[in-house]
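Hi,

Here is the structure I promised to pass on. My notes on the ligand site follow below it.

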Amino acid sequence: MKKIAVLTSGGDAPGMNACIRAIVRTAYNKNILVYGIQYGYSGLIENNINLINPEDVGNSIHVGGTFLKTARSKEFYTKEGRKIAYKNLQKNDIDGLIVLGGDGSLTGANIFYKEYKLPVIGVPCTIDNDIYGTDYSIGFASARETVVDAIDKIRDTAASHERIFIVEVMGRESGNLALESGIAAGAELILIPEKKYSMSDVVKKISEINIEKKSIIIVYAEGCRFGSIKKLSKSIKSEIKDSNVRCSILGHIQRGGTATPSDRILGSILGNKSIESLIDNNKNIMVGLVNNKNVINNLSIVVNKKNKIDKDLYQLAQVISNY
Ligand code: F6P
């Protein structure tokens, strides 16, 4: 391994920069050059590849987002696009590729390896934490911190006005972010896509809580399918007389902000491990941390499984969230 390339793809996640920093500095220690690909797979197809020196990643460990930029590249999901991508890696004499991203990006990496057999290492980076093969993905802890901080602020105004607030949280099809943030923020009700609800059940539950509590925080994961927060708000207003309901969609603040210490550490550990894995001749794997232990999983397995909701945590939320 003399030259490797790294890219960040799909949704950005706080901690990606800490990971790139660890990749560059670990590689440098092993006399391996690191090339940064700007704008993810799109940049790879456009041959937007530049050498990164250890000093270039200074003062970046805390910075949110990704200084390599990112994109959601449709072109890479075409055979033609991947062919151009491979040619560009050959042109730059690249021996291995490290991909930081979520399930879509890791799926692309797996297909790319199958077609060209160039060693590929995946690093799980997504605020959704829906990636199989790691307890936490890079970015989740920071997003959770942002959501809890936002809900703490909303709770102040909810309590002052004795209002019911529905707070929509990201997570795509996964309820991990909503569940853990909801528990940490003391939400009275947490609604996640993994659980089947009907609108009437949910409204009935809220009216039961409302008997005791006038200010209520409901955490609603964006992947829920029983009805939009607008519909939920309308149903509550029509069912619960004199109810005072407000909706808050947290949106992309969940993706930004400085990386928490745990995301900086996770990014550093997985960045280092991804270089070690290339040196150890691993070819199509994802690095991860399970029970604080470094693990590697075959990418073909990772992209066909999901990091499911922690059932015990969900059960706990049922017990402690409303009184
Ligand atoms: O996968 C990360 C994520 O932030 C999801 O939680 C969300 O559904 C999606 O990306 C938003 O995508 P975009 O930034 O393209 O709007």
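Glu 222 puts a side-chain N or O atom 2.5 Å from an oxygen atom of the ligand. Bear in mind that this is a predicted model.

The side chain of Arg 72 has an N or O atom 3.0 Å from a ligand oxygen. For Arg 255, a polar side-chain atom lies 2.9 Å from an oxygen atom of the ligand. Taken alone, the ligand exposes 400 Å², and the protein buries 74% of that area.

Now the shell. Besides Arg 72, Glu 222 and Arg 255, the residues around the ligand are Thr 126, Ile 127, Asp 128, Met 170, Gly 171, Arg 172 and His 252. By class, the shell splits into 5 charged, 3 polar and 2 nonpolar residues.

Where does the ligand sit? The lining of the largest pocket has 9 polar, 8 charged and 5 nonpolar residues.

When you open the file, I would begin with Glu 222, Arg 72 and Arg 255. Each has a side-chain atom at a listed distance from a ligand oxygen: 2.5 Å for Glu 222, 3.0 Å for Arg 72 and 2.9 Å for Arg 255.

Best wishes

Notes. Residues numbered from 1 in each chain as written. Predicted model: local features only at pLDDT ≥ 70, side-chain atom pairs only at ≥ 80, totals over all residues. Heavy atoms only, no water. Near = heavy atom within 4 Å. Polar contact = N/O pair within 3.5 Å; in protein donor to acceptor, adjacent residues only side chain to side chain. Areas by Shrake-Rupley, 256 points an atom, 1.4 Å probe, with all protein chains shown as cover. Nonpolar A, V, L, I, M, F, W, Y, C, P; charged D, E, K, R; others polar.
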